[in-house]
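Work through the exercises below with the sequence and the model at hand. Each task is followed by a solution in steps.

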Amino acid sequence: MRSVRAFLVLATFLAFTVPLMPLQLLFVRMGSPYARTFPHWYHRQVCRIVGIRLNVDGEIAESQGVLIVSNHVSWLDITVLSAVAPVSFVAKQEVSTWPFVKWLAKLQRSVFVDRERRSEVGNKANEILSRLEEGDHVVLFAEGTSSDGNTVVPFRTALFAAAKPLEGQPMGSKVSVQTLALSYTKLYGLPLGRRGRPQVAWYGDMDMASHAWKLLGLGPLDANIRIGPPVPLDDFPDRKALARYAEEKVRNDVVELLRGSPAQRTA
């Protein structure tokens with residue numbers, strides 16, 4: 001039965017996605033406002049196709065640019081976070097070489113950063129800060145990797161250099177930071193537990209294709225999200241202070257979500 005479900009979900013996803021890709025490409029090339037909002041609508045539909053129920057506590061500030069600092073559990077996070085709000089992602093350079101996935105990432109206006117080259121991170125800072133000043137919501141997976149769903153990996157301070165450069169100009173109140181804690185808590189409405197959550201997580205040296213096939217066959221999932229309040233980016237004197245604040249907030253919120261702290265609304 002799991003293989004049948006995986007096949008049906010994947011077939012529906014491709015039938016829904018492929019015809020819409022040229023439309024999003026047109027929005028991006030025209031510089032249309034829909035280039036930012038259309039992926040949000042699209043990913044909400046994908047959540048319905050896959051069977052993901054979103055339980056959201058808090059919301060992203062709509063009237064300003066926001067750096068969203070999040071933990072990372074699975075490739076599924078991209079769809080879940082995109083369904084919560086119109087967002088783009090800071091992605092590692094390798095993603096731009098993955099078949100099919102790279103096109104989806106580019107169509108969502110992701111910023112690709114080679115984390116092994118410090119000069120590259122610095123060069124990308126201008127692009128990210130410019131996007132934030134324009135009112136974009138940009139997601140940074142601050143762990144630099146994904147976890148098993150039961151813990152939060154220590155945040156890598158260096159990753160914040162692209163959003164908080166050493167000699168960056170003041171951003172003012174129009175650019176803020178918000179934390180986002182994410183956990184997958186239920187399968188078919190039943191608690192996953194410590195042993196069950198790694199089935200959803202994609203981490204270590206797992207093969208993406210085989211993991212995706214198994215995950216799509218599992219069944220309906222509950223994703224719990226807690227979004228912290230907006231804090232002006234200028235309130236943090238440097239990237240280390242920003243990283244400390246974000247890690248402590250995300251880590252505490254993930255612990256509470258895993259303990260069953262309820263969300264305020266279902267998206």
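This is a predicted model: local features need pLDDT of at least 70, side-chain atom pairs count only at pLDDT 80 or more; totals for chains, interfaces and linings use all residues.

Residues are numbered from 1 along each chain as its sequence is written, and side-chain values use heavy atoms, with hydrogens and water left out.

**Exercise 1.** Classify the packing of helix H1 (residues 2-17) against H3.

Solution. Helices are DSSP runs of H or I with at least four residues, strands are runs of E with at least two, and both are numbered from the N terminus. The two helices pack at about 160 degrees, and their axes are 10 Å apart. Axes are lines fitted to C-alpha atoms, for helices over the stretch in contact, and angles run from 0 to 180 degrees between N-to-C directions. H1 and H3 are therefore roughly antiparallel (roughly parallel is under 35 degrees, roughly antiparallel over 145, roughly perpendicular 65 to 115, and the rest oblique). On the H1 side, Arg5, Val9, Thr12, Phe13, Phe16 and Thr17 meet Trp41, Tyr42, Gln45, Val46, Ile49 and Val50 of H3 (contact means heavy atoms within 4.5 Å).

**Exercise 2.** Describe the largest nonpolar core and the surroundings of Ile225.

Solution. A nonpolar core is a set of buried Ala, Val, Leu, Ile, Met, Phe, Trp, Tyr and Cys residues joined through side-chain atoms within 4.5 Å. Buried means under 20% relative accessible area, exposed over 50%, and partly exposed in between (1.4 Å probe, protein chains only). The largest core has 46 residues, and Leu54, Val80, Tyr184 and Ile225 have the most contacts inside it. H3 supplies its largest share, six residues. Beyond neighbours within four places in sequence, Ile225 touches residues including Leu54, Val80, Leu180 and Leu257. A second, separate core of 29 residues includes Leu129, Phe155, Ala163 and Ala181.

**Exercise 3.** Where is Trp98 found, and what does Trp98 contact?

Solution. Trp98 is in the loop between strand S3 (88-92) and helix H5 (101-107). At 22% relative accessibility, Trp98 counts as partly exposed. Leaving aside neighbours within four places in sequence, Trp98 contacts Lys92, Trp202 and Met208.
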